[in-house]
Amino acid sequence: MEHVASAAVRPHGHTEGGNTVPLIIITLLFFMWGLLTSLNDVLIPHLKSIYTLNYVQAMLVQFCFFGAYFIVSLPAGMLIKKIGYQRGAVTGLVIAAAGCALFFPASMNGYALFLLAFFVLASGITILQVAANPYVTVLGEPATASSRLTLTQAFNSLGTTIAPALGGFLILSEGAPAIAGLVRSKAEEAAAVQGPYLALAAALLALAVLFALVRLPKISHAGDDSGAVSSVQTGVLAHRHLLLGAIGIFLYVGGEVSIGSFLINFLGEANIAGLSNGAAAHYVSYYWGGAMVGRFIGFAVMRYISPGKALAFNSAASIALILLAIFGHGQVAMWSIIAVGLFNSIMFPTIFSMALHKLGKQTGQGSGILCMAIVGGALVPFAQGLLADTIGLQLSFFVPAACYVFILYFGLKYAGMYNDKETV
């Protein structure tokens with residue numbers, strides 16, 4: 001999932017050359033966000049198997065994880081305002097590390113503690129986003145801000161791409177139900193998460209130390225309009241394209257996360273690929289890797305095609321591929337659902353930028369609303385889980401398909417947005 005940097009900030013006394021080390025550290029943060037978010041796709045089937053959960057219960061992972069975005073965003077903004085961006089980033093890293101460390105006791109005390117660990121981890125990541133995102137735009141000249149943002153998002157995608165394969169190797173292969181003819185206990189399977197997540201906790205703490213020691217430029221706001229939703233005026237929601245864009249972000253994040261969450265179980269279905277969880281995890285990397293590849297393709301294509309038309313095309317392609325996965329079987333269904341990742345690539349930044357088009361002074365408020373709409377990642381997988389328990393896993397993919405129908409509508413409705421002379 002992409003992370004959009006905030007605007008309305010200014011660097012003080014930093015040159016392009018002196019920003020290399022801070023930019024490397026912040027790029028590592030983007031990588032870690034992607035890694036930690038995408039690892040959920042591996043842990044969901046793992047925990048589902050260990051604790052004999054139905055799909056709704058298994059989707060509580062994403063509910064707790066993405067619910068933190070909605071709950072913690074406003075307090076995070078107030079915290080950053082009080083202690084500053086750099087200390088805020090360090091705080092976020094320490095909280096995320098604590099969330100990772102909680103996986104150790106959770107593996108011995110049951111599913112409820114795992115859910116708490118996911119919430120704490122995501123709370124730290126949310127604070128990090130609020131604190132660290134603005135630095136991407138200030139670490140250098142304004143003219144090269146877009147290239148820096150592209151770089152950091154590419155590393156975020158790299159994290160989401162390698163995490164499922166890495167998690168499949170470190171967690172799912174260790175948690176295989178039978179080794180040398182011996183059935184592993186639930187406690188032994190649960191313990192497979194201890195090593196990887198303690199290593200992640202150590203890495204996050206190391207980043208916290210680096211972030212505390214490095215000299216970063218001071219960030220000051222051009223006004224008090226920097227995306228805090230606490231001061232949202234009802235007038236900002238009068239912009240129809242912002243309101244529809246917020247719904248689009250909600251449904252896009254929900255659809256993307258939902259597909260990733262169910263992918264390992266889907267590929268394990270006998271009429272699809274019949275893969276073990278460990279083997280299927282590698283294909284989840286292809287799903288997220290497709291988004292990374294598609295971003296570069298989209299960057300080139302959208303120099304010639306309007307964002308709205310590109311969004312509509314990608315949405316239509318996603319709907320067609322999901323329908324193939326629902327009504328197909330074998331390799332066709334398998335590769336169709338994986339290929340949706342390629343068409344997801346441009347959706348988040350495109351919807352985000354279209355929704356903020358010509359908002360002027362209300363851009364910051366609009367951005368805050370769109371960031372809170374990421375809570376779709378908590379609710380849409382939950383809805384698909386309910387449908388999967390009711391009518392079956394394969395047919396439950398109608399839920400993300402419906403999400404892309406709305407995004408198709410949004411793309412077509414505002415296909416000519418950037419040709420307009422007047423405010424939408």
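Accessible areas here come from the Shrake-Rupley method with a 1.4 Å probe. On that basis, the protein in this predicted model exposes about 16,900 Å², and 69% of that area is supplied by carbon and sulfur atoms. The secondary structure comprises 17 helices and four strands.

**Overall architecture**

- The protein has 424 residues, of which 55% are buried.
- Of the contacts between residues at least 6 apart in sequence, 85% join residues at least 24 apart.

**Helix α16 and its cover**

- Helix α16 spans residues 376-391, a run of 16 residues.
- From the first C-alpha of α16 to the last, the helix reaches 22 Å, close to the 22 Å expected at 1.5 Å a residue.
- The buried residues of α16 are G376, G377, A378, V380, P381, Q384, G385 and A388.
- The cover over these buried residues includes α2 (55-58), α3 (60-83), α10 and α17 (398-413).
- After α16 comes G392, which has a positive phi near 115°.

**S258 in helix α10**

- S258 belongs to helix α10, which runs over residues 240-268.
- The relative accessible area of S258 is 0%; S258 is therefore classed as buried, since the cut-off for that class is under 20%.
- Leaving aside residues up to four places away in sequence, S258 touches V380, P381 and Q384.
- V380, P381 and Q384 are themselves among the buried residues of α16.

**Nonpolar surface patch**

- V293, I297, V301, Y304, I305 and L342 together make a nonpolar surface patch of about 550 Å².
- Helix α11 (residues 277-301) gives the most to this patch, contributing three residues.
- V301, one of the patch residues, lies in helix α11.
- V301 has a relative accessibility of 34% and so counts as partly exposed; patch residues must have over 30% relative accessible area.

**Cysteines and disulfides**

- A disulfide is a covalent bond between the sulfur atoms of two cysteines.
- A search of the whole structure finds zero disulfides.
- C100 is buried, as its relative accessible area is 1%.
- C371 has a relative accessible area of 30% and is partly exposed.

Conventions
Residues are numbered from 1 along each chain as its sequence is written. This is a predicted model: local features need pLDDT of at least 70, side-chain atom pairs count only at pLDDT 80 or more; totals for chains, interfaces and linings use all residues. Side-chain values use heavy atoms; hydrogens and water are left out. A disulfide is a pair of cysteine sulfur atoms within 2.5 Å. Buried means under 20% relative accessible area, exposed over 50%, partly exposed in between (1.4 Å probe, protein chains only). Patches are made of residues with over 30% relative accessible area and no salt bridge: like charges are joined within 9 Å, nonpolar side chains (Val, Leu, Ile, Met, Phe, Trp, Tyr) within 5 Å. A salt bridge is a side-chain nitrogen of Lys or Arg within 4 Å of a carboxyl oxygen of Asp or Glu. Helices (H or I, at least four residues) and strands (E, at least two) are DSSP runs, numbered from the N terminus. Contact means heavy atoms within 4.5 Å. The expected span of a helix is 1.5 Å times one less than its number of residues.
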